[in-house]
Amino acid sequence: MMLRKRVGIQAPKLARGQTAEQRYALELEGLAAVADIVEIPADTPAEFAEGARDMDAIITSWGLRIDRQVVEQLKQCVVIGVSSVGVDMVDVEAATAAGIVVTNVPDIFIEEVADHAMMLLLSVRCLTPTMARMAKSGQWREARPILSRVPRLLGQTLGLFAFGNVARCTARRAKAFGMHVIACDPYVSELEITAAGVEPVNFDELLARSDYLSIHAPHNEETRHVIGAAALRKMKPTVVIVNTARGSIIDEAALIEALEAGTIAGAGLDVLELEPPRQDNPLLTMENVLVTPHVASATTRMWPESRRRVGREVALVLRGRWPMSCVNPTVLPRAPLERWQPYPMDRGPNR
């Protein structure tokens with residue numbers, strides 16, 4: 001008989017009239033058969049590390065960061081489940097060194113983020129905030145000449161920085177508008193990119209040719225500030241930059257300088273380097289910039305399904321199986337886990 005495992009979660013402010021089982025009912029849909037959820041009251045990583053020391057697993061989202069100091073305190077943790085696509089809140093390198101599997105939910109809300117990327121692109125291209133303001137103030141005659149200087153989307157080039165799930169969905173939407181799509185991703189083969197009807201290019205080509213540049217890369221040491229002053233100088237003065245990935249991929253100071261100097265045309269940003277931003281951040285008041293508060297994935301489906309999925313992923317590892325999504329796959333051959341195989345009922349033609 002399998003001994004029940006314990007999964008640690010940083011304790012929220014307790015909701016009146018609810019038990020832990022009620023608060024984490026969605027995670028427990030996948031976990032209940034193998035584990036109990038243990039709330040860990042903690043305001044600092046050190047406090048969380050003390051409470052999580054003997055946990056078999058951890059689930060996290062946007063609470064305390066699971067840094068190296070926390071990871072090194074974990075005595076028997078085999079998996080850290082992250083209920084989002086990004087895993088910035090976990091020191092993945094430290095977890096890998098400790099032999100801990102890190103899972104995420106990379107395919108729950110890709111359509112929503114792609115929708116938001118296209119919304120930002122279209123809104124900045126059409127100067128939607130400005131047009132709405134002019135309509136409210138009665139400036140009907142003055143608005144049309146402003147937009148008459150904006151080229152139509154048909155035939156314009158959309159550049160994708162990275163070609164993961166969201167970028168592929170964004171490419172399909174852009175092609176429906178008649179855009180030519182190019183992509184730069186050194187970790188995806190050219191055959192895979194071209195199979196999606198997208199032209200593979202190198203980074204310098206991406207910068208030079210894009211009329212619109214949409215960022216879809218993860219944030220890591222390789223991508224931090226990769227869109228900086230040098231990259232911005234290589235872009236067209238008419239380019240619009242869209243970012244629904246992570247704020248720190250763009251050097252925000254360099255972006256502000258380029259926008260103020262007019263060396264790029266505009267930006268649509270769902271993510272910033274500091275969130276929430278300072279209220280004196282120039283990006284919040286620029287006419288050619290649209291900022292949304294990190295909401296690209298937010299729909300009625302996103303949060304419930306993310307919680308269900310992270311519970312299932314953690315349950316797989318606690319049962320001794322590979323998860324469906326692993327952020328640090330080099331751990332898997334070293335961990336005492338079996339490769340997951342679908343049950344026969346999952347092998348139908350539509351799976």
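Seven strands, in the order S8-S7-S6-S9-S10-S11-S12, form an open sheet with parallel pairing; strands are DSSP runs (E, at least two residues) and helices likewise (H or I, at least four), numbered from the N terminus, and two strands pair if DSSP finds at least two bridges between them. At the edges, strand S8 (199–200) and strand S12 (289–291) each pair on one side only. S6 and strand S7 (residues 180–184) pair in the parallel sense over 5 bridges, and glycine 159 stands opposite isoleucine 182 in S7.

This is a predicted model, in which local features need pLDDT of at least 70, side-chain atom pairs count only at pLDDT 80 or more, and totals for chains, interfaces and linings use all residues. Residues are numbered from 1 along each chain as its sequence is written, and side-chain values use heavy atoms, with hydrogens and water left out.

The structure holds 1 aromatic pair. Phenylalanine 161 and phenylalanine 203 form this tilted pair, at 5.6 Å centre to centre and 55° between the planes. Rings of Phe, Tyr and Trp (its six-membered ring) pair if their centres lie within 6.5 Å; planes under 30 degrees apart count as stacked, over 60 as edge-to-face and the rest as tilted. Phenylalanine 161 lies in strand S6 (residues 157–161) and phenylalanine 203 in helix H11 (residues 203–209), so the pair ties together parts 42 residues apart in sequence.

Burial is classed by relative accessible area: buried under 20%, exposed over 50%, partly exposed in between (1.4 Å probe, protein chains only).

| Residue | Relative accessibility | Class |
|---|---|---|
| Phenylalanine 161 | 10% | buried |
| Phenylalanine 203 | 23% | partly exposed |
| Cysteine 169 | 2% | buried |

The count of disulfides (cysteine sulfur atoms within 2.5 Å) comes to 0. The sulfur of cysteine 169 is 19 Å from the closest cysteine sulfur, in cysteine 184, too far for a bond.
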